[in-house]
Each structure stands twice: as C-alpha cells, then as structure tokens.
Amino acid sequence: MVWRERDMTEQALVTEAPAPAKAVTMPDAQTVTAVAHYTDRLFSFRCTRPASMRFRSGEFVMIGLMGDPDPATGKQKPLLRAYSIASPSWDEELEFYSIKVQDGPLTSKLQHIKVGDEIILRPKPVGTLVHDALLPGKRIWFFATGTGFAPFASLLREPQTYEDYDEVIITHTCREVGELTYGRDLIESLKTDELLNEVIGEGFWKKIKYYPTTTREESAKMGRITDLMRSGEAFADLGVPQINPETDRAMVCGNLAFNLEIKEMLEGYGLEEGANSKPAQYVVEKAFLD
Ligand code: A2P
C-alpha cells in the first residue's frame, strides 16, 4: 500500500518517486520518500520507518542531518532537533511538518532535502500528547499554532481519538492563510479516506470541528484562539459550551507564549495537567522552533 499517495494532495506534492536503494552512510539513517512545500516558511516530508520502531500517535522523535565539518578536526556531528511525528502510529512511513528558518542551524539545510536523501532519525519516541495521559471525557480539544499542528495530524488519523471521544475540536491559529493549508488539506482528506472510514466507521470525520484562524492576514475568522475563547466567540461559533472539567479534555502544541497562555486559561476552566504517569484533563507540548 502506498500511503503517501493518499495522505497528500497531488497539488501539494513537489517531488515523489520510489526511493532508490542507497548504502546507509549515517547512523540511524532513513530515506526521504516525499517532500511538499506549502509556503516559504513551511514544508512537510515523509521518510522510511525503522521496522522495529513503535510509537504512540502524538509522540516526537529526534531527527536531523550531519552538521558541517569542524574546521579544526574535519569531524561531523549530527545536528538533531525534536520533531513531532505527524503520521499516525499505523502508517508504514513517517511524516514530519517543519518550519524553514533561513539561518536556523538545522532547518536552513533540512528545507532542501529531496526524495532519496537520507536523514538521521533516533528511533526513541517520547512525549506527553498521548491519549494515555488523559482521563476519559466527551470532547477533546486540539489547540495548535503554526507547526504545532503536527502531532494533531497524527492524532486526527488515529482510530483511538474517535473511540475515546464524541467530539474532536481542532483549532489552528496561524499568521497567514497559506500556513493553514497543510492542516486543512489533511482534514479534508479524511472524508475520502476509504481505509480510515472502514476501520474507524463510515463518517467518523463528522466528529471533527475544525476552527482555523489567522492573525496577520485576512481570512474567514481572524484573531488568536485565546482571545476568541475569552470573548466567548469561539464557543458560539463552534456551538459548544465553555470548556469544563467534567466533559472536556485538551492537548496543546504551539509556541511558548501560546502554551503558557492557554495553560492558564485551561486551569481557569478547572482542568488539571496530566502526564503519562498520572492521567488528568489536559497536556501540553512545545512546537519545534529552530
Ligand atoms: P500573532 O500574529 O498575533 O503573534 P508564530 O508563527 O510566531 O509561532 O505564531 C503562530 C501563531 O500563534 C500566530 O498567529 C500568533 O499570533 C499566535 N500566537 C502567538 N502568541 C500567542 C499567544 N500567546 N496566544 C495565542 N496565540 C498566539
């Protein structure tokens, strides 16, 4: 089964070809199988998955490339960063969603990867954005800004999300409209995903309420999700009551300021932070920034 053909729109795919057989030249090397660019700041890619690697949807791994040779010794060291796995646990490949920072140590290089190139992937997944860290509830909120959408791209394709909850609300706040494309296309693709509709149940995607907002470019809904919740507008738009600890659970992934602000708001609604070792009502993870 060729998953990548189902998961990305043809339009978004820039390069795609069978990965050529290549000698492994780096430790923990995996081969890039697809790359898609969305804006001058965002891209996604897929790569092979180590046969023995297991993970829970929502977790992250360390990935990267070899750094430049040390001018004195000529030695190269791996340059690694934490990246949420954007593909679900059942996918035979791995997918990542990344920012491009022109002078970023890793992403200035990573943004140029092509099909057939190798990346380094340490196969030790960890993270707090997992279903095991939450107590049962009725409604799950996924709060993302920017590339913080990545773990939710995994969780939105994870059958357990729909087994555990009646409603799945995904909010995504970005600066510009183009930055919503990856998430919007992914959610749209669920409607026609025959396998997921068969495995999870026909029309499972009807449980999803998608709430994209932009802050620096005109769109259908403008503003930070935090402000839209404080004013009550987000709840009215979504047709749901204000968050409460009896029914609502939340996962948060965005920039640091966002995470801190929404954490305070969730605590204000009466939710308590959970962990793998002590499940509760919400969990938070920082989105990768180079
Ligand atoms: P804004 O444009 O008002 O700063 P970034 O690309 O810098 O990581 O930001 C992604 C999105 O997160 C932007 O739309 C940004 O809005 C928003 N954002 C940044 N800080 C916060 C915060 N404290 N609360 C809510 N949204 C935030």
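Guide: Start with burial: a residue is buried if 20 or more other C-beta atoms lie within 10 Å of its own, exposed if 12 or fewer, and partly exposed in between, with C-beta atoms placed from the backbone. This is a predicted model, where local features need pLDDT of at least 70, side-chain atom pairs count only at pLDDT 80 or more, and totals for chains, interfaces and linings use all residues. Residue numbers run from 1 along each chain as its sequence is written.

Helices (H or I, at least four residues) and strands (E, at least two) are DSSP runs, numbered from the N terminus. The core draws at least three residues from each of domain 1 (3-126) and domain 2 (131-286). Those bounds come from an automatic or database domain assignment. As background, nonpolar side chains tend to be buried together in soluble globular proteins.

Take Phe143. Leaving out residues up to four places away in sequence, Phe143 touches Thr171, Ile225, Ala250, Val252, Gly254 and Ile262. Contact means that the C-beta atoms of two residues, placed from the backbone, lie within 7 Å.

Next, Leu266, which sits in helix 9 (256-268). Leu266 counts as buried because it has 24 C-beta neighbours inside 10 Å. Beyond four places in sequence, Leu266 is in contact with Ile243, Ala250, Leu271 and Tyr282. Arg249 is 17 residues from Leu266 along the chain, and their C-alpha atoms are separated by 9.5 Å.

Helix 5 (residues 181-190) has the buried residues Tyr182, Gly183 and Leu186. Viewed down the axis of helix 5, these residues fall within an arc of 95 degrees, so they line one face of the helix. That arc is taken over the directions from the helix axis to the C-beta atoms. The buried residues of helix 5 pack against strand 2, strand 3, strand 6, helix 3 (150-155), strand 9 and strand 10 (208-214).

Strands 2, 3 and 6 come up again where the domains meet. The centres of domain 1 and domain 2, taken over C-alpha atoms, are 25 Å apart. The contact takes 20 residues from domain 1 and 18 residues from domain 2. On the domain 1 side, two or more residues come from each of helix 1 (3-7), strand 2 (29-39), strand 3 (42-48) and strand 6 (93-99). Strand 6 gives the largest share of that side, 3 residues. By class, that side has 8 nonpolar, 9 polar and 3 charged residues. Ala, Val, Leu, Ile, Met, Phe, Trp, Tyr, Cys and Pro count as nonpolar, Asp, Glu, Lys and Arg as charged, and the others, Gly among them, as polar.

Strand 2 also holds Thr33. Thr33 counts as buried because it has 23 C-beta neighbours inside 10 Å. Compare Asp117, in the loop between helix 2 (107-110) and strand 7 (118-126). Asp117 is partly exposed, because 18 other C-beta atoms lie within 10 Å. Asp117 and Thr31 are 86 residues apart along the chain, yet 5.7 Å separates their C-alpha atoms.

Last, the ligand. Its shell has 13 residues, and the closest are Thr145, Thr215, Arg224, Asn255 and Ala257. A residue is near a molecule if its C-beta atom, placed from the backbone, lies within 6 Å of it. Strand 9 (167-174) and helix 9 are the elements that give two or more residues to the shell. Helix 9 gives the most, with 3 residues. By class, the shell has 3 nonpolar, 6 polar and 4 charged residues.
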